[in-house]
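Below is a walk through one protein model, from its overall makeup to a single helix and a few side-chain pairs. Keep the sequence and the structure in view while reading.

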Amino acid sequence: MIHKKSWHRRSLWVGVTVLGTIALGWLPALASPDDAPAQGGDVAKDDSAKVDDAKDDSKVDYAKQVQPLLAKRCYECHGPKKQKGALRLDVRSAAMRGGELGPAIVPDKSGESLMIKAVSGESDDVEKMPQDGDPLTAEEVKLLRDWIDQGAAWPEDSGQPIKDNRDHWAFKAPQRPDVPKVKNEAWPRGDIDRFILARLEKEGLTPSPEADKAMLLRRLSLDLIGLPPTIAELDTFLADSSADAYEKQVERLLRSPHYGERWGRHWLDAARYADSDGFEKDKSRLIWFYRDWVIGAFNRDLPYDQFVIEQLAGDQLPNATQDQIVATGFLRNSMINEEGGIDPEQFRMEAMFDRMD
């Protein structure tokens, strides 16, 4: 029986012997005359090859060196999901086009490239980048400088071209369109009618006959306040032969408290308004104060920005009124779960997510 320690020593000795034998077998090949330094012109040729190799080693590779650096330090703000300052650096065409301040990369000219000015912090006119996190190291900045000075070699884009979001309609000033020409010049009463009639004529259709006054008032009343006109209101409108009889009905319905009830309902639905908590217990919830505030806001024609501000932070406004405090009832509209086996923190977070949605 071989002792365990003795077996280890023998295994180690065998391993060293085998490795030594292999190494000695390689020595003649390593010392081969074919690999000896050449004489005369051959030496110069060999040195030249080494210089060329050194030059190749100094060439910055975009895929291996630049792209990983950009992905790590830049794509969070200038990548596929977000483009601060309209600058995108993950696509060649977009990066060369640049953002709001101009081209970020000027091939062969790192000193004129906004990217270098931003990451190096050398210019007071360009904000230091990245905004969050540690600045680039001197080696990383040098890598980008060398890459740009070497021509900013970058594989061409593949796939579909990147859409320039700066052309989105929301960023363009509205312009009044040309009013289309129509064949039936007698039908339109205003420019909007011309657009409608032009489309009807294009489709080979003709307008429906004009509704009578009773039908017109019924449609108007249902649209603005959600209720049909009363007999008295209908009689008043039928007896009014003035040119602005219809406009007077519009103003009357807009002044009605039912207007806020009709249109505030859409906001209350979006805000999850309810008179109970929801879920299994579904306890009563006294929040009609908030409901009445929404109705009143519509009836007062409260500007939308103020409408939102008061609901999100009415209690934080200077000298907040009781109405502005009530408006923050918006924040308490989410369902509340008081079942026995729930995780309170889980449903608190779900209520917050629902509120943000």
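What percentage of the 357 residues of the protein count as buried? The share is 25%, where buried means under 20% relative accessible area, exposed means over 50%, and partly exposed lies in between (1.4 Å probe, protein chains only). This is a predicted model, in which local features need pLDDT of at least 70 and side-chain atom pairs count only at pLDDT 80 or more, while totals for chains, interfaces and linings use all residues. Residues are numbered from 1 along each chain as its sequence is written, and side-chain values use heavy atoms, with hydrogens and water left out.

The protein has 16 helices and zero strands; helices (H or I, at least four residues) and strands (E, at least two) are DSSP runs, numbered from the N terminus. Contacts, meaning heavy atoms within 4.5 Å, can be sorted by sequence separation. Among those between residues at least 6 apart in sequence, 47% join residues at least 24 apart. The accessible surface of the protein is about 25600 Å², and 56% of this belongs to carbon and sulfur atoms; the areas come from the Shrake-Rupley method with a 1.4 Å probe, and for residues only the protein chains shown count as cover.

Helix α13 covers residues 288-300. The expected span of a helix is 1.5 Å times one less than its number of residues. For the 13 residues of α13 this gives 18 Å, which agrees with the 18 Å between its end C-alpha atoms. Buried in α13 are Y290, W293, V294, I295, G296 and A297. The cover over these buried residues includes α12 (257-270), α14 (304-313) and α15 (322-327). Just after α13, D301 has a positive phi of about 60°.

Turn now to charged side chains. A salt bridge is a side-chain nitrogen of Lys or Arg within 4 Å of a carboxyl oxygen of Asp or Glu, and by this rule there are 14. One of them joins R73 and E140, at 3.6 Å from N to O. This pair links distant parts of the chain, with R73 in helix α3 (residues 62-73) and E140 in helix α7 (residues 138-149), 67 residues apart. R73 is buried, at 18% relative accessible area, and E140 is buried, also at 18%.

Another salt bridge pairs E338 with K283, at 2.9 Å from N to O. E338 sits in the loop between α15 and α16 (344-356), K283 in the loop between α12 and α13, and the two are 55 residues apart. E338 is partly exposed at 37%, and K283 is partly exposed at 41%.
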